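User: I'd like to learn how to read strands, helices and salt bridges in a model. Could you walk me through some cases?

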Amino acid sequence: MSGSSNHNLPHIALLPSAGMGHLSPFLRLASLLSSHNLKVTIITPNPTVSLSESQTLLHFFTSFPQITQIPLHLLPSHNNQTTSSQDPFYNHMERIHHSSHLLLSLLPSLSPSLSALITDMSLTSSFLPITQSLNLPNYILFTSSAQMLTLFVKYHSIMDSIINSTHDDSLQIPFPRSWIPPPLLESTQNSLKTYIAENGKKMAASTGILVNTFQSIELSSLNNLNGGGVITTLPPVIAIGPLAPLIDEKQNQELTWLGSQPAGSVVYVSFGSRTAMSREQLRELGEGLVRSGSKFMWVVKDKKVDTEDEESLDKIIGGELMEKMKENGMVLKNWVNQEEVLRHESIGCFMSHCGWNSVTEAMWNGVRVLAWPQHGDQKMNADIVDKIGLGIWPKNWGWGGEMVVNGSEIAESIKEIMGNELLRVGALRIREEAKRAAELGGSSDKELRGLIETWKQAHVDVVV
């Protein structure tokens with residue numbers, strides 16, 4: 001920090017939602033804002049859903065003592081068995097929503113006074129009325145792609161036509177109906193429909209929308225959003241990505257194993273912190289990895305919440321298959337620091353569900369992606385991977401759980417991508433574009449600096 005008093009600097013608070021996919025970009029943005037000599041506070045909903053979130057927060061605030069942590073002590077959940085979602089992360093988001101009124105006293109109590117609050121996309125509908133009543137600028141951090149933002153802010157107005165029409169050309173969206181998450185196509189109400197319709201509609205009233213993307217990969221979507229082509233009342237959409245991963249120099253068993261493998265030889269397999277595959281599919285995936293002949297590191301996930309994931313790998317995968325995988329692979333069931341894995345020189349390919357954090361981390365490190373969307377925004381993101389030449393997307397695999405993809409198909413796709421020199425070079429090109437966007441004078445750096453200047457000017461006006 002500079003020698004000037006914190007009272008002379010804008011004070012920005014960030015409030016993330018549930019799950020590592022939402023927490024990680026908030027921590028990266030907090031670190032970035034702090035590096036620009038801003039006073040930064042993170043308001044952390046307490047408790048967290050997963051063990052990985054609480055461990056990550058503990059490590060983050062130890063590493064960044066200049067960033068303040070303020071807990072938001074969540075009220076007990078009122079959900080009963082009949083109204084709650086089967087997804088514990090949605091239930092936790094609801095709990096944060098129901099505790100939103102606590103911000104009415106918490107936000108004004110922060111010192112120095114806040115210049116702006118940055119909240120998660122999933123909290124917009126309940127938090128925006130609070131910040132409006134306090135006359136506090138409220139920016140939304142959208143933790144997916146600009147392409148997904150197009151659907152997110154428009155869904156509430158075209159919901160009926162999406163559900164009732166089977167013709168892509170009548171949907172008023174620039175992508176096929178088959179990319180839309182299946183719950184959004186259901187006629188009955190569900191958690192995802194409510195979540196997107198309510199928060200997407202309210203986003204138009206925010207001060208601005210920050211997106212973890214950059215112009216060279218999503219220029220068309222960004223221009224459409226900012227040019228009134230999606231909805232005319234949208235506030236500025238600001239591309240500030242890719243948010244750089246936080247470096248953790250701590251060595252662990254997976255990095256030690258990777259260090260003994262040849263450069264570019266390992267397929268890293270992970271489907272994120274919220275995707276639990278069926279036992280049958282997990283075993284076909286294991287067979288595919290063995291048949292591919294490649295070295296691999298596979299993070300197995302059998303339950304959505306890590307604290308419930310207690311069964312042994314032998315029981316999940318089967319002892320015989322586990323034995324076959326020992327020759328070429330490392331199979332893990334614990335939380336892995338993906339940022340550290342992807343930047344390791346031995347990684348040659350990333351088999352991914354295409355959660356947006358995973359995609360941007362692959363871009364940042366120049367790693368090819370074998371896309372296998374499982375749910376949510378992931379077909380939208382897989383399309384970007386395919387379109388910009390970062391990897392391949394076998395579209396006939398469908399959504400996760402729609403069908404069981406057999407091991408021989410998986411093996412062939414791994415061989416295809418690992419043997420594709422054009423994709424290897426393309427991934428390195430995208431890495432250069434990503435770094436260029438984020439570095440001094442790059443497109444995302446300029447956007448962020450413009451935003452910080454807005455906060456500084458408003459802060460000076462208030463102080464004066």
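User: Let's start with strand β8. How many of its residues are buried?

Analyst: Keep in mind that this is a predicted model. Strand β8, residues 266-270, is mostly covered, with 5 of its 5 residues buried.

User: Which strands does β8 pair with, and in which sense?

Analyst: With β9 (residues 295-299), β8 pairs in the parallel sense over 4 bridges, and there V269 stands opposite W298. With β11 (residues 347-352), the pairing is also parallel, over 5 bridges; here V266 has I347 as its bridge partner.

User: Which residues of α2 are buried, and where do they point?

Analyst: The general idea first: an α-helix has 3.6 residues a turn, so residues three or four places apart point the same way. In α2, the buried residues are S52, E53, L57, F60 and F61. Seen down the axis of α2, they fall within an arc of 150 degrees, so they line one face of the helix. They pack against α1, β2, β3 and α3. On the face turned away from that buried side, α2 carries the exposed residues L58 and T62.

User: How many salt bridges does the structure hold, and which one links distant parts of the chain?

Analyst: Side chains of opposite charge can pair when their charged atoms come close. This structure holds 12 salt bridges. One of them joins R28 and E361, at 2.4 Å from N to O. R28 sits in helix α1 and E361 in helix α14, 333 residues apart, so this pair links distant parts of the chain. Both residues are buried, and R28 and E361 also form a network of salt bridges with E339.

User: What about a pair within one helix, such as D383 and K387: how many residues apart are they?

Analyst: They are 4 residues apart in helix α15, about one turn, and their closest N and O atoms are 3.3 Å apart. D383 counts as buried because its relative accessibility is 10%, under the 20% cut-off. K387, at 56%, is exposed.

Notes: Residues are numbered from 1 along each chain as its sequence is written. This is a predicted model: local features need pLDDT of at least 70, side-chain atom pairs count only at pLDDT 80 or more; totals for chains, interfaces and linings use all residues. Side-chain values use heavy atoms; hydrogens and water are left out. Buried means under 20% relative accessible area, exposed over 50%, partly exposed in between (1.4 Å probe, protein chains only). Helices (H or I, at least four residues) and strands (E, at least two) are DSSP runs, numbered from the N terminus. The arc is that of the directions from the helix axis to the C-beta atoms. Contact means heavy atoms within 4.5 Å. Two strands pair if DSSP finds at least two bridges between them. A salt bridge is a side-chain nitrogen of Lys or Arg within 4 Å of a carboxyl oxygen of Asp or Glu.
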